[in-house]
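Grab a pencil and get the structure up on your screen.

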Amino acid sequence: MPEQSDRLRDPAQRSMLLTALYIAQEQYGYLSPEAIERTAERLKLTPKDVYSTASFYTMFRMQPVGRYVLQVCEGLSCYLAGGAERLVDYISSKLNIRPGETTADGLFTLQTVQCLASCGTSPAMRVNDELYEDLTYDKVDRLLDQLAGR
Ligand code: FES
């Protein structure tokens, strides 16, 4: 992690910052420059401190995203389970977007992550705050249809 100010060396302050960032993300949908500024003001930190912390964690979104953020695991267990790359390619092809992109209707954003702590039930994917495990193409189809209201 980049160099931090003195205030961020305090574990309680860091913990408070992570909580504040989580709440800001819930309010704004992502951590916009305005959300970073307001969080910094409230915690008496610099925007640079807040930004460097936020951008370090994959759970924080620095860009606008769709209503459902699909985070497909590309970690080793998921890869060995034969799911990771093929699952990303499958969803990418199905939704006609690449990782990092959002569908034109603003419904889905596709992302890849390195481990969802669900290695024993791989392949895994998180949709917003919900974890989906032992995925197959059929399960993905049903899930995406359900989320899209089909
Ligand atoms: S490697 Fe995919 S959940 Fe751990």
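**Exercise 1.** Work out how α1 and helix α3 (residues 47–56) pack, and which residues touch.

Step 1: the two helices pack at an angle of about 75°, with their axes 11 Å apart. Axes here are lines fitted to C-alpha atoms, for helices over the stretch in contact, and angles run from 0 to 180 degrees between N-to-C directions.

Step 2: that angle makes α1 roughly perpendicular to α3, a label for angles of 65 to 115 degrees.

Step 3: L17, L18 and L21 of α1 meet V50, T53 and A54 of α3, where contact means heavy atoms within 4.5 Å.

Step 4: sorted by class, these give 5 nonpolar, 1 polar and no charged.

A word on the model: it's predicted, so local features need pLDDT of at least 70, side-chain atom pairs count only at pLDDT 80 or more, and totals for chains, interfaces and linings use all residues. Residues are numbered from 1 along each chain as its sequence is written, and side-chain values use heavy atoms, with hydrogens and water left out.

**Exercise 2.** Now describe the packing of helix α1 (residues 11–28) with helix α2 (residues 33–43).

Step 1: the angle is about 145°, and the axes lie 10 Å apart.

Step 2: on the α1 side, the contact includes Q13, M16 and Y28; on the α2 side, E34 and R38 are among the residues.

Step 3: the class count is 8 nonpolar, 2 polar and 2 charged residues.

**Exercise 3.** Find the buried residues of α6.

Step 1: α6 covers residues 137–148, so look there.

Step 2: V140, D141, L143, L144 and L147 are buried (under 20% relative accessible area, 1.4 Å probe, protein chains only).

Technical notes. Helices (H or I, at least four residues) and strands (E, at least two) are DSSP runs, numbered from the N terminus. The expected span of a helix is 1.5 Å times one less than its number of residues. Buried means under 20% relative accessible area, exposed over 50%, partly exposed in between (1.4 Å probe, protein chains only). Ala, Val, Leu, Ile, Met, Phe, Trp, Tyr, Cys and Pro count as nonpolar, Asp, Glu, Lys and Arg as charged, and the others, Gly among them, as polar. Angles under 35 degrees count as roughly parallel, over 145 as roughly antiparallel, 65 to 115 as roughly perpendicular and the rest as oblique.
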